[in-house]
Amino acid sequence: MLSIEGEKVRGFLYDSLVTAKSDLGKNETIVTEDHVLFFIINYRDYNKVSNAGYVKVSN
């Protein structure tokens, strides 16, 4: 779970992009802040995390 300015965003944490991509479901996207840890979040939460510096990883 990510905490962005006191608001919680549910997601799954991965240390491997390959594994994250294999677990990616419909209406989900992968984001990262440092290209070391990856989070799968619901696509509708992307605006919340992008304002905090997370970027979308191309699928």
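The legends below describe close-up views of a predicted model.

In this model, local features need pLDDT of at least 70 and side-chain atom pairs count only at pLDDT 80 or more, while totals for chains, interfaces and linings use all residues. Residues are numbered from 1 along each chain as its sequence is written, and side-chain values use heavy atoms, with hydrogens and water left out.

**View 1. The salt bridge of E7 and K48.** The two side chains meet at 3.0 Å, N to O, in a salt bridge (a side-chain nitrogen of Lys or Arg within 4 Å of a carboxyl oxygen of Asp or Glu). This pair links distant parts of the chain, since E7 lies in strand β2 (residues 7-9) and K48 in helix α2 (residues 46-50), 41 residues apart; helices (H or I, at least four residues) and strands (E, at least two) are DSSP runs, numbered from the N terminus.

**View 2. The salt bridge of D45 and K48.** Here the closest N and O atoms are 3.3 Å apart. D45 is buried at a relative accessible area of 10%, whereas K48 is partly exposed at 31%; buried means under 20% relative accessible area, exposed over 50%, and partly exposed in between (1.4 Å probe, protein chains only). Salt bridges that share partners join E7, D45 and K48 into one network.

View 3. β4 pairs with strand β5 (residues 38-42) in the antiparallel sense over five bridges, where two strands pair if DSSP finds at least two bridges between them. Two bridges also join β4 to strand β6 (residues 55-56), again antiparallel, and T32 stands opposite V55 in β6.
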